Every structure is written in C-alpha cells, then in structure tokens.
Amino acid sequence: MRHLMSPLDFSTEELDRLFTLAEDIEKNPAKYAHACEGKKLATCFYEPSTRTRLSFESAMLSLGGQVLGFSDANSSSAAKGESVSDTIRVISCFADICAMRHPKEGAPMVAASRSSIPVINAGDGGHQHPTQTLTDLLTIRAIKGRLDRFTIGLCGDLKFGRTVHSLINALVRYENINFIFISPEELTIPDYIIEMLREKNVSFSEVRKLEEVIPKLDILYMTRVQKERFFNEEDYVRLKDYYILDKEKMELAKSDMIVLHPLPRVNEISVEVDDDPRAVYFRQVKYGVYVRMALLLTLLDSVDK
Ligand code: NCD
C-alpha cells in the first residue's frame, strides 16, 4: 500500500505514467465515471482550504466514489484533544483513502505510519504540498509538452510557500532546469533548499526585481504572501504588495512564457492579466482535478495488489 507524502515518492517514470493517465481521464471522462464505485474518500482538513479539498472531492465524485470528512479542526475531535494517530485509525474504519491537510509539518507522515488506508499529504504547514506539485507538473507538461529545459522564475513568498518548496524538489530531477528565485530579502528560499541545489549542481540565482528577469523566463510561478505564517501583522502588511504582475510587466515577457499560480490569488497578479493567453492559472485548477483522479486510482490500486 502506498501513501503520497512528497512528490519524490514517485519516480519520474511513475510520474509519467500518472500524467498519461490524467491526460486520458481528461480526454475520456466517461471511461472512468464508475472506476471508484463503492469507494470512499475522507478529506481531513485541519487548516482552511477550499480549492484543494473541493478538488479532491470533485475528483472522487467524478470517479463514481463518495466523500466524507471535515474542513475545520474545530469540528473534529482534535478540538477534544485527539491525536492525529488516533484520528487516522478511526478514519481507516470509515473510508478507503484519506487526504489530510495539517498546519503542523510532518502530521500527515505521522498519520500514514499508523494508517491502514493510503494517506495523501494535502499540505503540511510551510513544508510540502505534493498534489499541488503534481498539478503544476501536469500543467507544464500539457501546455509545454515537456518537463525539462526551462528557465523558471518563482516569485513572491519563497520562505513560507510550501507549493514552491515541493515544486523545486520535484523539478530538480529533470535535465537543464534553471531556477530564478524572485523574493524580498525577508522571504527568500530556505537555506536547506539552497544547499540541496548546490549539492546537485542545479543552476539558480536569487534576485529582488521581477522586471529584471521576466524576459528570460519560460515559466513564471507566482505566489501569494502567506499571511497565516507570519508572526506579526506589520511585516505582512509591508510585504504583501511587493510584487504585482500587471500588463506592463507581461509586455516584457516572452510570447510563450506561461504564468502559473497555485491560487488563491490576493494582489500579486492584477486581474487585467487574466485575459492574457499566457495566464494559465485557471486551466491549472482543471489539471488539478484530473491529476487527483489519476492519483486516487493509482493509490487505491496499490491497496488491491
Ligand atoms: C496553496 C497552499 O495551500 O499552500 N494553495 C492551494 O493549495 N491551492 C497556496 C496558497 O495557499 O497560497
């Protein structure tokens, strides 16, 4: 039985198979409409989310399965002091697979170690967000046709943004990826990631200004400043509008650069950019459902064998 804790849990060959399955699901949804009949997905969300939770629920419903769960720690027994280990043992009796989001780094791993059903990490604190990464990779592969040979700019809150950390981890396995990290001084990429890139001899640079580097980019990954992970409101207010991608900046970019964003967007992309064909963040949401469908099928299959 397999869990998904980090995007590295799958080899690049396994990811290829997963993405091919996701693309087939996109083309032939009817073929998969009953694939999970009789199966239940539990969504255990200890931290606010609409997109990721609904994406999982939509994925399971499109496969003919059913969903149950909670979307707020206060409405679960965690409020009574129950541990994650106990909760997952109980959930294992109710459902066939579980997607868990938790504000504490590592909580889904603790759950997986005690679980008798597959557990998917749906985001743990500022650490990892593997299903967003699968979504990002599928979007790049579907639109660009490949996952290697890119200059990718990651812009915004690179310190607390877990989607950024997960995506970098996943992309270093492909050839010729050049990272450009664009962030304010206070929100730079964590040292452990810089060390990992140096060890693997991956090309990267760190800059403060988006305008300076945008002409070089094949992909621009925008992120919001992660308000909930700040210790004080003043710092957040000072940094929240540091980057705003607008029409003017888009004019400096290549004609085939694509703009991704895990969403929710706050101010970092001006709405006037939404109509630009290079803005693919709403298409990205659709790929998120297809890739979660492919993931649910793959992990449930790992139980049957
Ligand atoms: C991201 C997250 O939860 O980390 N959102 C998401 O999964 N769609 C990004 C964010 O909240 O900024």
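In this predicted model, helix α5 lies across β5, β8 (219-222) and β9, and its direction makes an angle of about 165° with β9.

| Helix | Strands it lies across | Angle |
|---|---|---|
| α5 | β5, β8 and β9 | about 165° to β9 |

The strands named here belong to an open sheet of five strands, ordered β7-β6-β5-β8-β9 and paired in parallel. Its edges are formed by β7 (203-207) and β9 (258-260), each of which pairs on one side only. From one strand to the next, the twist averages 20°.

Within this sheet, β5 (residues 150-155) and β6 (residues 177-182) are joined in the parallel sense by six bridges. G153 stands opposite I180 of β6.

Helix α5 spans residues 130-144, and the loop between β4 (119-124) and this helix contains H129. Because its relative accessibility is 4%, under the 20% limit, H129 counts as buried. Leaving aside residues up to four places away in sequence, H129 touches T52, R101, A122, G123, R162, T163, S166 and R292.

Key:
Residues are numbered from 1 along each chain as its sequence is written. This is a predicted model: local features need pLDDT of at least 70, side-chain atom pairs count only at pLDDT 80 or more; totals for chains, interfaces and linings use all residues. Side-chain values use heavy atoms; hydrogens and water are left out. Helices (H or I, at least four residues) and strands (E, at least two) are DSSP runs, numbered from the N terminus. Buried means under 20% relative accessible area, exposed over 50%, partly exposed in between (1.4 Å probe, protein chains only). Contact means heavy atoms within 4.5 Å. Two strands pair if DSSP finds at least two bridges between them. Axes are lines fitted to C-alpha atoms, for helices over the stretch in contact, and angles run from 0 to 180 degrees between N-to-C directions.
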